[in-house]
Amino acid sequence: MKDLNDKRIENIIKREIDIPESFINVIENFGNKEKVKIKSTKKINKLNWKVAVLIIAIALPLSMPIIANTSKFLRNTFANDNLGVQKAVENNYIKNINMEYIKSNGLNLKAESIIMDNSNLNILLNYAFDNPISDIDNIFISDLNIKDENNNIIYTNNNEKEFLTKTVDWYRVESIDNTNAKQSLVFLSNNKFPKSKKLYISFSKVEISTRLFKKGISGSWSFEIELPEEFYNRSDIILSQKSESKNFKVLKAELSSTLLYIEVETPILDTYDRKYLALKENVILKDESGNKYEVGRNLETEDSSGKTILKFSFENITKYDSINKLYIEFKNNDQYEEIVLEK
Amino acid sequence: MKYYSQDLYKIARSKLDNEYDICDALQETMLSAYTNLKKVKDVEYFKTWIIKILINKCNDIYRNKGNIKLYIDIKDTAYEYEEDSILNLESKLAFENIINILNEEDRTIITLYYNNDFSIKQISDLLNMNENTVKTRLSRSKNKIKEKFKWR
């Protein structure tokens with residue numbers, strides 16, 4: 001059911017906008033195959049497509065078991081596609097929780113594993129149903145609340161309140177059988193999650209979707225999770241800038257259990273420069289052995305006091321990588337600058 | 001195709017910032033649609049089908065250029081809005097004002113939901129995303145918009 005704000009958004013979004021002429025030209029000129037050929041910028045290699053199909057046909061069956069095992073491993077360790085979280089798990093930065101099922105209205109659940117650091121909070125939930133349910137597609141907790149012992153609100157569906165999560169991803173449910181399923185919830189912090197000793201989790205509405213029907217279950221589920229000392233006494237490895245740079249000054253470089261977070265100050269950037277620096281290939285991180293790391297999924301820019309602050313993270317390098325020195329290269333308007341970061 | 005130009009442009013714009021990239025994505029989409037047209041058995045699904053192709057082409061371009069989200073600071077614009085009455089403000093707002101508040105994934109969800117009237121399920125299929133994630137993102141985006149424009 002759409003409310004007044006839905007209607008407001010809909011009205012605004014549905015308004016006709018001015019479309020660039022170039023866009024209309026693409027549609028109007030499409031009939032001219034010559035133009036299509038010339039203008040297409042797709043960078044497909046020139047390999048004969050039959051050879052490519054043959055290679056795929058040979059390679060795919062060989063790689064299938066590896067892909068299947070890897071994805072199962074990732075799901076089970078609830079790291080999903082996050083290499084940083086996966087590294088943390090491999091280094092035992094994970095708590096496996098030993099708790100009884102919380103039972104309410106035929107739905108029993110417990111938390112199985114958890115990871116919490118400055119950036120990531122991953123919780124693996126285990127659901128058990130009194131009555132079997134086949135082909136579960138989705139489970140959604142619509143009024144989830146998570147807070148800690150100091151009343152820091154980690155996450156809430158009550159949008160009137162400020163909370164510390166930027167995004168939450170509900171990963172696909174993995175059905176074990178008709179009465180058991182697992183699901184990983186992944187929370188990314190706005191800034192930094194607090195060094196909580198205990199998390200209090202509560203909710204009362206769970207929506208289960210199968211291929212055939214949707215079922216809402218009301219009940220009362222609340223439990224607490226004691227977090228291990230290594231979570232709340234966590235410390236990051238701080239790196240500092242060891243080289244001069246004309247345009248870039250590192251404000252923060254912190255290696256945590258799940259990622260490397262960097263804040264860099266530059267002279268104010270215009271939109272073009274922002275976009276240029278936002279391209280993956282224009283910010284490159286290298287270690288002493290020459291291994292390259294790509295910027296992860298977040299890059300934010302913020303203007304303050306005549307400066308632009310770039311905030312970004314590398315999710316494939318963590319404090320478990322035994323880093324002493326890193327080199328970060330910025331390319332901007334054909335200029336190239338390198339910054340050395342050291343412990 | 002011209003009939004769909006508003007819809008297609010808004011979806012491409014929700015995913016890509018650069019006009020050339022948007023045109024490239026459209027061109028790739030049309031090429032792909034043209035060569036696979038026989039696969040569309042029901043005309044009713046043509047629009048959904050072509051939107052799906054467009055989203056994939058935009059994703060390809062986005063990935064090649066780097067999967068980094070760029071947030072544009074719109075504080076100055078928001079300040080001007082405060083001077084206006086709510087009604088005046090609403091009449092001045094446009095698609096760009098809405099999507100500039102949001103990140104790339106949320107922009108596309110909002111566009112598909114409000115502009116194209118797709119259901120949560122359809123969006124989840126189109127974006128290959130869990131339905132719950134779509135719901136959460138939709139709700140977060142709605143609240144971001146509400147806060148930004150000081151709606152109640």
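Modeller: In this predicted model, there are 10 aromatic pairs over all chains. One of them is formed by Phe203(A) and Trp221(A), whose rings are stacked, with 5.6 Å from centre to centre and 20 degrees between the planes. The angle counts as stacked because it is under 30 degrees. Phe203(A) belongs to strand E11 (residues 198–210) of chain A and Trp221(A) to strand E12 (residues 214–226) of chain A, so the pair ties together parts that are 18 residues apart in sequence. Phe203(A) counts as buried because its relative accessibility is 5%, and Trp221(A) is likewise buried, with a relative accessible area of 0%.

Another pair, in chain B, consists of Phe46(B) and Trp49(B); this pair is tilted, with 5.9 Å between the centres and 45 degrees between the planes. Both residues lie in helix H3 (residues 46–65) of chain B, where they are 3 residues apart, about one turn of the helix. Phe46(B) has a relative accessible area of 18% and is therefore buried, since the cut-off for buried is under 20%.

Rings may also be linked into a group. In chain A, ring pairs join Phe248(A), Phe312(A), Phe314(A) and Phe330(A) into a cluster.

The charged end of Lys197(A) sits over the ring of Tyr232(A), at 5.1 Å from the ring's centre. In chain B, Lys10(B) lies over the face of Phe95(B), 5.8 Å from the ring centre.

Notes
Residues are numbered from 1 along each chain as its sequence is written. Chains are lettered from A and ligands numbered from 1 in the order in which they are written. This is a predicted model: local features need pLDDT of at least 70, side-chain atom pairs count only at pLDDT 80 or more; totals for chains, interfaces and linings use all residues. Side-chain values use heavy atoms; hydrogens and water are left out. Rings of Phe, Tyr and Trp (its six-membered ring) pair if their centres lie within 6.5 Å; planes under 30 degrees apart count as stacked, over 60 as edge-to-face and the rest as tilted. Helices (H or I, at least four residues) and strands (E, at least two) are DSSP runs, numbered from the N terminus. Buried means under 20% relative accessible area, exposed over 50%, partly exposed in between (1.4 Å probe, protein chains only). A charge sits over a ring if NZ of Lys or CZ of Arg is within 6 Å of the ring centre and within 35 degrees of the ring normal.
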